[in-house]
There are 2 protein chains.
Amino acid sequence: MADESKFVEDLAEKDDFAQWYLDVVYKAGLADESPVRGCMTIKPYGYALWEHMQRAMDDRIKATGHENAYFPLFIPSSFLAREAEHIEGFAPEVAVVTHAGGEELTEPLIVRPTSETVIGHMYAKWVQSYRDLPLLYNQWCNVVRWEKRTRPFLRTTEFLWQEGHTVHRTEDEAEAETLLILNDVYYDFFVKELAIPGIRGLKSESQKFPGALRTYTVEAMMGDGKALQSATSHNLGQNFARSFDIQFQDADGQVKTAWTTSWGASTRMVGGLIMVHGDSAGLRMPPRVAPIQAIVVPIWRKEAEREAVAALVAEVEAALKAVGVRVKADWREERPGFKYNDWELRGVPIRIEIGPRDAQNGQVVLVPRTSRTAKETVSKDGVARRVPEMLQEVHQALYDQALAFRQSRTYQVQSYEEFQEILADKARLGFIEGWWCGDAQCEAEVKAETQATIRCLPLERPDGSGPCIHCGKTGSAWAVFAKAY
Amino acid sequence: MADESKFVEDLAEKDDFAQWYLDVVYKAGLADESPVRGCMTIKPYGYALWEHMQRAMDDRIKATGHENAYFPLFIPSSFLAREAEHIEGFAPEVAVVTHAGGEELTEPLIVRPTSETVIGHMYAKWVQSYRDLPLLYNQWCNVVRWEKRTRPFLRTTEFLWQEGHTVHRTEDEAEAETLLILNDVYYDFFVKELAIPGIRGLKSESQKFPGALRTYTVEAMMGDGKALQSATSHNLGQNFARSFDIQFQDADGQVKTAWTTSWGASTRMVGGLIMVHGDSAGLRMPPRVAPIQAIVVPIWRKEAEREAVAALVAEVEAALKAVGVRVKADWREERPGFKYNDWELRGVPIRIEIGPRDAQNGQVVLVPRTSRTAKETVSKDGVARRVPEMLQEVHQALYDQALAFRQSRTYQVQSYEEFQEILADKARLGFIEGWWCGDAQCEAEVKAETQATIRCLPLERPDGSGPCIHCGKTGSAWAVFAKAY
């Protein structure tokens, strides 16, 4: 089915990827601007997508032993200051409530940019004994970070996310949790629900979460060759536990400081999904999270034809709903061609065309979003079997195309000149893998010279060591460099 | 099964209902305090309850043709002022962001207390033609109202809710929508999911939503005889449409002002559920939304017994999960009596006791939360059939008890003296039904003299008119008076 070249081949070179992205977001009805700078309004089609993503992610969070809870939107400003790196990282971008109930507050309140501090405060109260551990909680909520440059879904002042916060008895348990989330929740979700091949790895010191010991990430390649940090899982060590006095009496009677983790994934993933799968016709929704999985377009000219078509449309809708397919029929008074374009723009995985001859023959035409030329005529009795199968094929085609594109844009260079050339060439832009000396200064110079950052030190990597991609000194860190959103 | 008298008989007179409520909330692990005044932390057991409530409510919202969307947390402060009654109602209790991103904002931002204004602004953009109508959207989100006196779930500075916002072509359509939500979403939800018999009615002018034309409400009687406004549905008339320029070109070519509605239900319903159903042993969870529907308590003394018991426990758990029952086994190292009390406090609808003799005989003992004396011995093969049935019986028993209690505490009085006596007597406190002259001044005097307010003008009412309960003038409004949360 993957017989059409990916849109980026013709879009990226035209320098309009950013505009294409905005066009898709707004024209497909995913989101709109809002009267508050940097905030977005998520429209029903975009929110339905988010709901399906949430459900699939939440299932994984619960299946791995976590429970949901809810913590306050506001954080006393003094809390943020308790962890030194944390306040340095977040202070510049917080929104502050100074007045409430008609009075000035004695202590200003921060609108949560993330909740490690307020949750740490509660955990200190809830954790007393090793018997209380591990504590495995997650919350779905909104957070606010005052960003200078915003873009719908990708970087907004307010966004929706889940943030998991866990407490453990030992360092090993905390590390195991951090990796469990990376692998069994995030990576698995990207592959199986969003059809996005992610790269799992460790963040460099300069890129880790403010206050964390180690940050793991799933990075994905977008349709223009840039990287998107799609979800992160942090081993917080004992930093927050120390700042918030999360201590427990261990089995040996000793009072010990706990180990904590946190991990989050947000509406940013919607932006990633658009930029990984979209093509020149618009969105391509991964079938498992698509708000509408199959769109029926009835075709008729005379009123007499309409009746026969309507009967078959109703039959097909009922048959598909019965097997759990999210199907909708488009009875708008518009030409079929208009509807085809509209639903392609909105990325519906399968189009079902039903015309007068189809009604007569008891058949329908299926067109997968991943290939305009792969039309299939299916008898009406076969629809409920074939459509779910084809949804799985569309999922696989999207994944295969995204992986092939990433592979075609991933390089191992012979020189720093080649490194710079690739990063300066829109037609080749992508991920560059190579050795890194491990020096933050060297990393900073690469960024200053090329805008590329170390996206991660991948978990799957070659053994050994080699000359640093930038300075040439021998390094044992294997890194993925890229420009990033 | 409803063979035990309701707890209020022994609790209400002891003047400790308020303390009982807090004890249940905190000891059952539903919520905890937070470091921010008036905000609460919803703990996993309380949040799981909320998730089940959300799912059941959301299903009804979608089944009646609505879609979910998401609008910004922040509202420009000028927006609030556009509707005169609205700002008067909400200005005193808003939280205000004055600084963000390290700078003072040119226009302060309100943290949404409700979203009519910001949604009205977006709707003005989205609604152009009568073909765009009706617009039927809902959002699940957090809102903030700076309350002076707070109580977990019942009245908190931040709370979670759904707020529906719709736009219509005509006044009739808006009124039909307002009533559809009242009946098919809220009332139906209270009866079928929460086992709460609500009273549907219209709010008086003094009690309606600031800016609304008409507010409909579902009022429920709590275990102490007070009322809780549990959900409201507002016909906003053209007030917000005028303030935010929501206009459309009608089929006749004329540009017309639209009609809007809004409707909301919040985490406050959790407080209502506790106060309607709880008894002296603690919570009683309505089975359909209970996080745990059946708790298995294994009983053993010797290690040899434990093995046989464990095998049957596993079998029962698997059989119940297979039929969709939310079951959990309590293997803590505690005495059975401790566990019985703990799960009664948490309100689990059915306890399943499994001891060595039960293991030998292939049977279990079922105890519904609604009656300690109604133990039933059931063969292990009958568990998967009997438990779902008993859950339905517990639901019905809770509903019947709540209805019987409300009926026993609902009065039609002969004089204003009797009215005052009932409202001053904890043992009799309840709802008083009667004629009202319709005069706001008269209503205000009743409130000043008795603390009772008009909870609603019920939709189910006698015809005709009669002497006002307070002033004696003939009135045709039939009202329910009560003290309220």
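In this predicted model, Phe153(A) sits in the loop that runs between β7 and β8 (158-168) of chain A. What makes Phe153(A) worth a look is its backbone: phi is positive, about 70 degrees, even though the residue is not a glycine. As background, most residues other than glycine have a negative phi, and most peptide bonds are trans.

In chain A, the peptide bond joining Leu133(A) and Pro134(A) is cis, with omega at about -5 degrees. Pro134(A) belongs to the loop between α6 (116-126) and β7 (135-144) of chain A. Chain B has a cis bond as well, this one joining Leu133(B) and Pro134(B), and omega is again about -5 degrees. Pro134(B) is found in the loop between α6 (116-126) and β7 (135-144) of chain B.

Now for how the two chains sit together. Chain A can be superposed on chain B by a rotation of 180 degrees, with 0.0 Å of shift along the axis and an RMSD of 0.0 Å. The two copies are therefore related as by a two-fold rotation axis. Which C-alpha of chain A is nearest the axis? That of Val97(A), which lies 2.1 Å from it. Both copies use the same surface, and 100% of the contact residues of chain A recur in chain B.

As for the contact itself, 42 residues come from chain A and 42 residues from chain B. On the side of chain A that touches chain B, strand β5 (residues 95-100) of chain A gives the most, with six residues. Sorted by class, that side of chain A has 27 nonpolar, nine polar and six charged residues.

Helix packing comes next. Two packed helices are described by the angle between their axes and the distance between the axes. In chain A, helix α10 (residues 303-322) and helix α13 (residues 383-408) cross at roughly 60 degrees, and their axes come within 9 Å. An angle over 145 degrees would count as roughly antiparallel and one of 65 to 115 as roughly perpendicular, so α10(A) and α13(A) are oblique to each other. Their crossing, α10(A) over α13(A), is right-handed. On the α10(A) side, Val316(A), Ala319(A), Leu320(A) and Ala322(A) meet Val383(A), Ala384(A) and Val387(A) in α13(A). By class, this contact of α10(A) with α13(A) has seven nonpolar, no polar and no charged residues.

Chain B has its own version of the pair. Helix α10 (residues 303-322) of chain B packs on helix α13 (residues 383-408) of chain B at an angle of about 60 degrees, with the axes 9 Å apart. α10(B) and α13(B) are therefore oblique to each other, and α10(B) passes α13(B) in a right-handed crossing. From α10(B), the contact draws on Val316(B), Ala319(B), Leu320(B) and Ala322(B), while α13(B) supplies Val383(B), Ala384(B) and Val387(B). The residues in this contact of α10(B) with α13(B) come out as seven nonpolar, no polar and no charged.

Helix α3 (residues 44-63) of chain B and helix α7 (residues 171-192) of chain B pack with their axes 9 Å apart, at an angle of about 155 degrees. Are α3(B) and α7(B) roughly parallel or roughly antiparallel to each other? Angles over 145 degrees count as roughly antiparallel, so that is the label for α3(B) and α7(B). The crossing of α3(B) and α7(B) is right-handed. Ala56(B), Met57(B), Arg60(B) and Ile61(B) of α3(B) make the contact with Asp184(B), Val185(B), Asp188(B) and Phe189(B) of α7(B). This contact of α3(B) with α7(B) divides into five nonpolar, no polar and three charged residues.

Conventions: Residues numbered from 1 in each chain as written. Chains lettered and ligands numbered in written order. Predicted model: local features only at pLDDT ≥ 70, side-chain atom pairs only at ≥ 80, totals over all residues. Axes fitted to C-alpha atoms, helices over the stretch in contact; angles between N-to-C directions. Helix = DSSP H or I, 4+ residues; strand = E, 2+ residues; numbered from the N terminus. Parallel < 35°, antiparallel > 145°, perpendicular 65-115°, else oblique. Left-handed = near helix turned anticlockwise from the far one by under 90°. Contact = placed C-beta atoms within 7 Å. Nonpolar A, V, L, I, M, F, W, Y, C, P; charged D, E, K, R; others polar. Least-squares fit on C-alpha atoms with pLDDT ≥ 70 in both.
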